[in-house]
Amino acid sequence: MRFAQGGRRLEKLAGSNKSARGPSAPTKWRTLSAGRDPWSERGVEDQAWLREPRPAMLREIAQQTLLFPATRVVAMPTIVGAEDLVHAPQPAILAPNHESDIDTPLVLLALPHAWRSRTVVGAASDRFYRKRGFALAAGFWINTFPFDRGGGQRRGLAAAAAHLRDGRNVMLFPQGTRGAGPEGYRAGVAELALTAGVPIIPIHIEGSALVMPKGRGLNRRGKTTVTFSRPLQPRPGETPDQLTARLQTAIER
Amino acid sequence: MLALPDDVLIQQRLAGQTVLLTGASGFLGKAVLGQLLRELPDTRVILLLRGDAQQRLENEILTSGPCEGLDGSRVQTVSGDLGREGLELPAGIDVVIHCAASVSFEQPLDEALELNAKGPSRLLEAVRAAGSDPYFIHVSTAYAAGMRTGLVLEKPSGTAPTEPWLDLNAELDAAQAWRKDIEAESRLPQHQHRFVAEATRAIGPAGGPAVGTRAEILRYEWVREQLTERGRERARALGWSDTYGLSKALGERTIITKNPKHLTIVRPAIVESALHTPYAGWMESLKVADPIMLGYGAGIIPGRFGANRSIRIDIIPVDFVANACLVAAAHPPDEVRVFNVSTGMRNPFTIHDLAEMTTRYFRERPLPDEDGLPVSVPEWRFTSAGNILTKIERANSVLAKGRELVDKLPIPRSNDVELRLHKNQRKLDRLKRLNEIYRPYGELDCVFDDRNARALLDNLHPDDRERFGFDVDEIDWDHYIGEVHLPALRKIAVPPAPGPKKTRSAGRRPAPEGPPALALFDVEGVVLDSTVAHFYAWLRTRDMPELDKLVWTAGAATKVPSWIIEDRRSRTAFNRNFYKLYKDLPARELKRQAEEALPDFIQPRIQNEAVRRIREHKRRGDRVILITSALDFLVEPLQHLADEVHAAKLIERVGRFTGELAEPPLTADGRASLAARLAADHDVDLKDCHAYGDSLADLPLLELVGHPHAINPDFRLSREARRRRWPIETWGTERAAV
Amino acid sequence: MSIAPTRMIERTKRRQPAVEREACVVEVHEHSPPTLFHSGEQFRLERLPVGSRIVYPPPPLKGLIDVDAAICAALDSPLGMDPLDSLLRPGMKLTIAFDDISLPLPPMKLPDIRGRVIEHVLERAYRAGVEDIHLIAALALHRRMTPAELKRAVGARVFDEFYPDRLYNHDAEDPTEIVDLGQTRHGEAVELSKRAAESDLLVYVNINIVSMDGGHKSVAVGLGTYNSVKAHHNVHTMRHSKSFMDPNKSELHNSANRQGDIVEAAVPIFHIETTLNNDMFDGPLSFLAKPEARWTAREQTTFAALKRTTDRMHPKLRRAAFHKSTAPYSITGVQAGAVGPVHEVTLDHVAAQQAVYVKGQADIVTAGLPYVGPYNVDSILNPILVMCMGLGYFFNLYQGVPLVREGGVMIFTHPVTREFHPVHHPSYVDFYEEVLATTTDPVEIEARFEKSYAEDEWYRHLYRTSYAYHGVHPFYMWYWGAHGLQHLGDVIFVGGNAEACRRLGFRRADTMRDALEMAEQVVGRDPSLTHFHCPPLFYAQVEA
């Protein structure tokens, strides 16, 4: 049907047709709280703004004044091989063995500033990125990004690859979790290195299990050693398992 | 005991024997009976039941799980009560399996002792009096050993190391003396005041008799509570966790003194749903930990418990216990033998594991809450019992203050507030009760030795292992809790989802045909959406100019809060005091003004559903009676609506009202008596009558008739109505349009 | 009896009034402005499809200059009867009955014509020495008039003198006040008010705003009871009244005429009938009767302001404002005498003002329902009254054949809110909740429910002592639309409340376009549409 088109001025003046004001719907109804909404994403996203220059500066200051001195007091670290890192190319994957939560600050304080300022740490999203506060704290103190451990680490490794592409060093733990033992090396880090074409720097941390064991907080003071090895370049045609074996030997040596 | 497997099947061993089974209406008893009927066709069974035994056998027992579909014709029944003297039993009994006990944890000590402690010996004496000297199998409980730590040996009570000596008669006499004392104390003034105050708070306006009844109920409950607590304290003082364990221990000791020919004492731990027979997950009612698990799953108790998470919890499926009893029945011992049927020794299972499994199950398959949405369960937190108690006490005091406030101040929307307070109070009470009862079990750090039971199991003929097996090693706790027991609990607790319903709901109309009856309607709130005060305000302000009306209304508004409080307390007193306002008002003028009441006041406030309902009653032939506390000349037009109108009348003198009512106000039980008298006058049965009320003042009337309806009830009446499952309806007026 | 010449109006318009009104039927073209639709207490501007017709009401005729003179002339030279003065003698029983508040709509500006006529009659009565005079509001089963409404109708002087013992409302349920006058040859009972039946002369003062009113219907129905009204207010009669506005073809009027003959035989009746023009809108709002294309800029602005204000007002304030408005009706004729000749002249006058000739029926007819009908003066137009307004009145405002073809669709605009006035329409609430919830078929409703409502004691009491319509009245409202229900294929309400429309058995749409789309499903593609631009009141003389 075609409708008449005249009388626009009248129509505009008079406004639209309003239906009768019936009983308005209640503005507020009782909200049922039935637990957390299962459809909402349970987790906090990556707080990328903490990598901006100013927050990074703040972080450096905080680390140097608070975190690292505390770590030194508690862990009494001896650092071996950090000077050779000057010769190693960036970006790279830093791959330490993982026994305790104090591993990350240990490695960070062992790194030279040039490396540390460009390093992001992969932190398990189901552990660190559940609550907003924890995420912010981890992101601030040790410059983490959420690493999704679920589903064969696909998403986590992809995130890490993105950081590598941006030119940042990524610190990932090949064992995947604390206390997995010398047989617990997974192939994820090797896959990442092969796909992104970056070297892996094996790091051996000794003695941290006593200082801050899994499941408890600070246990006691103890001597720790952080040993940096020569970078492992992925050979062409190498499978991830082979690279992982090499990495394992390099770390556990 | 023999460690070699048998070469004779149990069926053959028990062939031709007569078994007397007590407690067949209970959980374990039914399982035993089921196994008897299914696997031992050559054994005669006699059941001892309370009440009409044959009827109970047919209606209750043979229709339930384990006995379903089995032939019950060779089962003989005897009626009798183990709690009292004077049992009579037939002769020729070879084996007695005594499962009858009272398993409530909240029982006064004297009742528990009568049944659990004296019961077995009474039974044995009655069987001996009939002429047989049977093999007695006594089903006790593992916790009859008391609150021990470490290994609990399979020795009967009284012979295990470090046990106190007990004198059954002394305990029984003391318990009965307590009952007398506490009954007497409950009638003392200080307690009576408390009960009456509580009853008044709950249903005060319902009138004297109703309050009295409620106070008496409260007194009875208090007496029971006190006796239970005393019993529990006594049991704990002696070293048992509650009266159940103590009474069972005494039962063991007593039966040993009676020296039966052969005696086996079976001590199961916590008996829960069946694992294999009759089907995985058969259970009847909620046992020890079940209310806690269900309450946790439904979100009505917080996940906090005063227990130690690493101690073992001993759950055993009921069919294992039944099998153990029957296997024991087939192997009479030479001397008294005790079996612990439990899992703690070989297949331990801690409270922490149970909590984890429960959380996991309810996270995967949540229960629906009252709105149908899934409940999200919190993590379990185990703290010390003392902590929990302080928290509960604190919350309790806050709630009590809140409720006091609601009583004293007339706050708007008090219904919602009261509802919330009530719910929270119930939650708290529940938690307190559960904590109190199950505290010892959360701290009982012992392991039940089951060497004898294991030996008995090894004794089984290989063919019998499947039929009568009770090997606790085969229980996989994940499977049992997550796939057998919790789903069974869930089936009991959660009704199946209703199918799609039609959108037009069947109204609660009276049935079209029926015997002649009365239909009693309270006018305020049911037929008219107004109160006595509204009538008064309208009457006084009818011919006032606008400004005066405002001033007068403002003046009246200051008195409204006190009216509301008084009305909450007692409708009768409120009516009397309110009508005093009519003092010295000219009667004739007010009556003339009231002639305009119909279009000006009554019609805008009529609830049309009431008129329709009245019409329906009239169509049925009922006599419709309106009862109101308003004045008769105001509600005169309503005489054309109903058959009778009972209203209030003011005394007139010299053309002016004196402010006094001619008769006591018609509220609370006055209405109930009026209804009774009318029913008698018209020769009508009160069971057929209908009554419609809206406040607690109508409660006695609603209780009296057979078809009560609560219309637009306030919180307290709706609580009563919901408790008694009366229909609750909401009626509205057309006033909003005018 | 002398037959005096008819009066007043220009002869030219008498013979073929309708044909000359062709200017009232307007076709919508590309550049037409939107059309005004009344929607209860609001206004809508709707765009109609190109090619549809709009039937506008005729412009109001000029009224009499000297109404009093006209009244005197009519009383002195009545049609078919002797002059009034000769009929009055001292000591006689005189009863004056007059139309109740359902006419005119909206209420006339003071002084009401009924008051003026009554004063003339009373003057002559006093001069003749009559003392026993009663004034009755002839309301049949409608609601009683409040004292304020009575005062407005008869005038302050008459009211002060006669109220409350000699000026009162007709009570159809008072058994002591009713006489049975027998039955017509078709078996219809005839009952009448006792005072009226026993009078020596009954003077009836009537206002005719539509051709349905007046004639025998005034007395036989107005002073009748449920038993007598039942004879023609039933589904069968309603369905065979095609239409109410055409007394020749209306079963309703046939039945009323039969009853009227019996009444006339019992008591002499002096009918005074007046006709009004259709000047419904007061002063600055008089443009609402004009075609929209003729509105000046000033009028457009006024309308815009009116619409915006009424849209935003609080519903209760709005309702009060609307019901307070009065119409500046002018009298176009006064006739008196015997019912036959008087009513003929009256119908001529009405046709002169209201008839519009329309050629051809339409598939779809649209109309905007106003806020007031005969049964909700100072009250609320509840859903049942909306149905009566739309299907009972607007559908039946035709002579010849209905404006909408058989199986066609009528689209109304009205909010149809589920609101009932608790004092005036109590039985309507129960009708809506009980009867309509079960069925909407008029025949079934009549068979199952009418009796119980008519004899209900509570409704009877409310009708007699309060200001409520009789318990059976909602049924008559429903039967009023029975012909429409039978004839139409569908009824759609634009902007109507979904719940109420569903209960009534109709459909609803949010906008006119949606409604037209829905209607197309029923009547087919590219339907022909006619908009009936009423109020002001008029009827269509439709030729198929």
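Trainee: How far apart do the end C-alpha atoms of residues 56–244 of chain C lie?
Mentor: The model is predicted. An unreviewed UniProt entry places the feature "domain: LarA-like N-terminal" at this span of chain C. The span is 35% helix and 19% strand, and the distance between its end C-alpha atoms is 20 Å.

Trainee: Which residues of chain C lose the most area to chain B?
Mentor: Chain C puts 25 residues in contact with 19 residues of chain B. About 2000 Å² is buried between the two chains, 54% of it on carbon and sulfur atoms. Together, 32% of what the chain C side buries comes from C:Pro422, C:Glu434 and C:Trp458.

Trainee: Which residue of chain B forms a salt bridge with C:Glu434?
Mentor: Between chain C and chain B the count is 6 salt bridges. In the one with C:Glu434, the closest N and O atoms are 3.9 Å apart. That pair counts because the cut-off is within 4 Å. The partner is B:Arg615.

Trainee: Which helices of chain C each supply at least two residues of the side that touches chain B?
Mentor: Across this interface, 11 residue pairs are in polar contact, both residues at pLDDT 80 or more. On the chain C side, the helices that meet this condition are α12 (315–324), α15 (426–438) and α18 (457–465).

Trainee: How many charged residues does the side of chain C that touches chain B have?
Mentor: Sorted by class, that side has 12 nonpolar and 4 polar residues. The charged residues number 9.

Definitions and conventions. Residues are numbered from 1 along each chain as its sequence is written. Chains are lettered from A and ligands numbered from 1 in the order in which they are written. This is a predicted model: local features need pLDDT of at least 70, side-chain atom pairs count only at pLDDT 80 or more; totals for chains, interfaces and linings use all residues. Side-chain values use heavy atoms; hydrogens and water are left out. Contact means heavy atoms within 4.5 Å. Buried area is the accessible area (1.4 Å probe) that two parts lose on being put together, summed over both. A salt bridge is a side-chain nitrogen of Lys or Arg within 4 Å of a carboxyl oxygen of Asp or Glu. A polar contact is a pair of N or O atoms within 3.5 Å; within protein, one must be able to donate a hydrogen and the other to accept it, and residues adjacent in sequence count only if both atoms are side-chain atoms. Helices (H or I, at least four residues) and strands (E, at least two) are DSSP runs, numbered from the N terminus. Ala, Val, Leu, Ile, Met, Phe, Trp, Tyr, Cys and Pro count as nonpolar, Asp, Glu, Lys and Arg as charged, and the others, Gly among them, as polar. UniProt positions are given in the numbering used here, feature names are shortened, and annotations may be inferred rather than shown by experiment.
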